[in-house]
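User: I would like to go through this model with you one feature at a time, with the criteria behind each term spelled out.

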Amino acid sequence: MTGVFSRALVALALLWFCGTCLSDNGERVYDISYRVTVDPRAGVANVRLNLRQDDDYLREMRFDQGLLEAINGDGDVVVDDGQVTWSPPANGGRLSWRVPVLHERDSGEYDAWLDDDWGLFRLEDVIPRAATRTQKSAQSNTVLKVQAPAGWSVVTPYAGNDKGSSVTRPGRRFSQPTGWLVMGELGVRRERIAGTRVVIAGPTSQDVRRMDMLALLNWTLPELSALLPEPLPRLTVISAGEPMWRGALSAPNSLYIHAERPMISGNGTSSLLHEVLHVALSMDSAPGYDWIVEGLAEYYSLELLRRSGTITPKRYQHALKDLAQWSAKSDELCGGASTGATTARAVMVFRDIDAALRAGGDNNGLDDVLGQLLGNEDLDLDALRTAVSTVAGDEAATRLDDGSLPGCERND
């Protein structure tokens, strides 16, 4: 174990000190280190970005100013009309800013929190999403270090140690830290389930049901892994009670759920599994098609409960009946953000598609369609129709004609 730990430290050091390194496939590499230091008394996070490069690989970085304050750095830093543009020196430099952490989502309920006892927020709250201009084929090696007050622990979506965490985003040349973070005096449970490294963390002062979550994931993650080309590598579940928002939200490789949310609701659905599906499927909808992503997450969260035996077939049918009744409150599918009733209506659409596909051919129903859609970052009705056609032919895709999907005729 000591040898493995030593090799990990060496690898992390190499990420930082190889400013002119080329990657294995000959691409140019620049090194970025983010250091996030929280100040609970002021309620802010101070962020420092350090860039190492010897050949002007990273030429420009642009992002929204948002709530960022005290922005300054080496090279040229321009703040204009809510946009920040940084042109760093050719051999690297630094950029720093300060940002308030506290954010009230609903009256008296927060989706970002920081006080003298603990903090919980998304890394996107303090590190804005940025676009870059680089030399051709240049890519980043990114390291994240979170500095908490003495005596506090920190859990992020990334594996790491005191030297920091390596941040990678597959398919992206510029990797930025993202996902949920919790810090303070923490209770943490770790488990490997069906090939997934699961971490469940929350403040010890909060009534977080860590073992209940592990139990539900022990039953259901094997069924989820069977749906995916390979298991989700890592899943970090962050939880706390008051004064946090009383819902659940996903982010890359991580999710937040309020400590008082039931593992399985009275209607047979699960907020925890719904968000796990969002993490695992890694889908984003095109404008107007939120119902597709939300409907797939809700449909498969219910399927995982049934397939794992966590709920009985009879309870599964009761859950579908409840969703069918709820769906009657939704007049259309396509449009804005999917409401609970719209998502319920979407579940009915996917249930019918699955039944028709399984009855009409040699396939695994909606599971095969899902395999065509994994990782789609601009999912719309055309992509869904194409996936159905690929699995079962054009005739099967007619079930997704505009006339059978209220509101979608205006979206196409």
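This is a predicted model: local features need pLDDT of at least 70, side-chain atom pairs count only at pLDDT 80 or more; totals for chains, interfaces and linings use all residues.

User: Is G202 buried or exposed?

Analyst: The classes rest on relative accessible area, with buried meaning under 20%, exposed over 50% and partly exposed in between, for a 1.4 Å probe and protein chains only. Contact means heavy atoms within 4.5 Å, and, leaving aside neighbours within four places in sequence, G202 is in contact with E185, L186, G187, V208, R210 and S239. The relative accessible area of G202 is 0%, so this residue is buried.

User: Which residues does the disulfide join?

Analyst: A pair of cysteine sulfur atoms within 2.5 Å is taken as a disulfide, and by this rule the count comes to 1. The S to S distance is 2.0 Å, and the pair is C334 and C408.

User: How many residues apart in sequence are the parts that C334 and C408 tie together?

Analyst: The disulfide joins C334 to C408. C334 lies in the loop between α5 (313-327) and α6 (340-360), whereas C408 lies in the segment after α9 (394-397), so the parts they tie together are separated in sequence by 74 residues.

User: What is the handedness of the disulfide of C334 and C408?

Analyst: C334 counts as buried at 1% relative accessibility, and C408 also counts as buried, at 0%. The torsion about their S-S bond is about 85°, so the disulfide is right-handed.

User: At roughly what angle do the axes of α4 and α6 cross?

Analyst: Two packed helices are described by the angle between their axes and the distance between the axes. Here the axes are lines fitted to C-alpha atoms, for helices over the stretch in contact, with angles running from 0 to 180 degrees between N-to-C directions. The axes of α4 (residues 290-307) and α6 come within 8 Å, and the crossing angle is roughly 65°.

User: How many nonpolar, polar and charged residues make the contact of α4 with α6?

Analyst: The contact is made by residues including W291, I292 and L296 of α4 and A346, V347 and F350 of α6. For the classes, Ala, Val, Leu, Ile, Met, Phe, Trp, Tyr, Cys and Pro count as nonpolar, Asp, Glu, Lys and Arg as charged, and the others, Gly among them, as polar. By class, the contact has 8 nonpolar, 3 polar and 6 charged residues.

User: How many of the residues of helix α3 are buried?

Analyst: The buried residues of α3 pack against α2 (210-227), β19, β20, β21 (254-258), α4 and α7 (366-373). Helix α3 (residues 271-281) is largely enclosed by the rest of the structure, because its buried residues number 11 of the 11.

User: Which residues does the cis peptide bond join?

Analyst: Most residues other than glycine have a negative phi, and most peptide bonds are trans. P243 lies in the loop between β19 (234-240) and β20 (248-251). With omega about 5°, the cis bond joins E242 and P243.

Terms used: Residues are numbered from 1 along each chain as its sequence is written. Side-chain values use heavy atoms; hydrogens and water are left out. Helices (H or I, at least four residues) and strands (E, at least two) are DSSP runs, numbered from the N terminus.
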